Amino acid sequence: MCIRDSANPTKLGQLVASATYSIEESAHPDAALQGWRHMLQLLTQPRQKGPLLNPDQVPLSASMQLAAWRSLVTLQPRLALVKLWLGRFEEFHRDHPGLPGVLEVAARMHLLAESVDALRWADRWVIEAEGDPAAQICRLQVLLRLGRLQEATDDAMVAVQNSLDSEATLRHIVGLIEEVSLSAAAGQQEGLRAMATQFRELLP
């Protein structure tokens, strides 16, 4: 599914029907994969408050709702859409603050929404994740946007050191730095270019 198609009601309806059928046929009702099906509610039944519901209009379990939100951040929707959904996610998060995995999704949601709280949630995920490269890279992205390049460099180095595939992680980091540099202020571009070069030179 391409989330950009959410602006086309006819095409969206076709995509939703196809995805729903495929998931229902291939996944156990309690499997995390069902999160993709329930995530479609956010596209087809836009509401700014309230839990995600099953077909009987009963709230889904907290773990299944989290699976739906995780599916959403995996799609990396446009900034305007994430801003629209952030308040609803925060309501869910307030209701289930200790749910395993919720900090990761919170950090990713705030990153995608370019929230003023993005660094706070990224910090919390890094602490909880205990060296998970994904958490370091999430915070790296926030720090790059804030122009805090030395701290971003530190996170990048930790992510590479802890990665099972250091070359792929290095390439991902270089790509992220280059992406940020495209929209960075003129005064930050030189530092970003130097940082990208530093990590590109570490590639085999």
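Let's start where helices α6 and α7 meet: they cross in a left-handed sense, meaning that the near helix is turned anticlockwise from the far one by less than a right angle, with clockwise giving a right-handed crossing. Helices here are DSSP runs (H or I, at least four residues), numbered from the N terminus. Bear in mind that this is a predicted model, in which local features need pLDDT of at least 70 and side-chain atom pairs count only at pLDDT 80 or more, while totals for chains, interfaces and linings use all residues. Residues are numbered from 1 along each chain as its sequence is written, and side-chain values use heavy atoms, with hydrogens and water left out.

Two packed helices are described by the angle between their axes and the distance between the axes. For α6 and α7 (residues 118–129), the axes come within 8 Å and cross at roughly 150°; axes are lines fitted to C-alpha atoms over the stretch in contact, with angles from 0 to 180 degrees between N-to-C directions. That angle makes α6 roughly antiparallel to α7, since over 145 degrees counts as roughly antiparallel and under 35 as roughly parallel. On the α6 side, Leu-103, Glu-104, Ala-106, Ala-107, Arg-108, His-110 and Leu-111 meet Ala-118, Trp-121, Ala-122, Arg-124, Trp-125 and Glu-128 of α7, where contact means heavy atoms within 4.5 Å. This contact has eight nonpolar residues, one polar and four charged; Ala, Val, Leu, Ile, Met, Phe, Trp, Tyr, Cys and Pro count as nonpolar, Asp, Glu, Lys and Arg as charged, and the others, Gly among them, as polar.

Now turn to α4 and α5 (residues 79–95), whose axes come within 11 Å and cross at roughly 150°. These two helices are therefore roughly antiparallel as well, and their crossing is left-handed. Ala-62, Gln-65, Leu-66, Trp-69 and Leu-72 of α4 touch Trp-85, Arg-88, Phe-89 and Phe-92 of α5. Seven of the contact residues are nonpolar, one is polar and one is charged.

Further along, α9 (residues 149–162) packs on α11 (residues 186–200) at about 20°, with the axes 11 Å apart. That makes α9 roughly parallel to α11, and the crossing is right-handed. Leu-149, Ala-152, Thr-153, Ala-156 and Met-157 of α9 face Gly-191, Leu-192, Met-195, Gln-198 and Phe-199 of α11. Here seven residues are nonpolar, three are polar and none is charged.

Finally, look for the largest pocket, which holds about 660 Å³ of space. Its lining has 24 residues, with Gln-76, Leu-111, Leu-112, Gln-141 and Arg-145 closest to the centre. A pocket is an open set of points on a 1 Å grid over the protein atoms alone, where a 1.4 Å probe fits and protein lies on both sides within 12 Å along at least five of seven lines; lining residues have an atom within 4 Å of a point. Volume is the space filled by probe spheres set on the points. Helices α4 (62–75), α6 (102–112), α8 (133–146) and α10 (166–183) each supply at least two lining residues, and α8 gives the most, with six. By class, the lining has twelve nonpolar, six polar and six charged residues.

Conventions:
Parallel < 35°, antiparallel > 145°, perpendicular 65-115°, else oblique.
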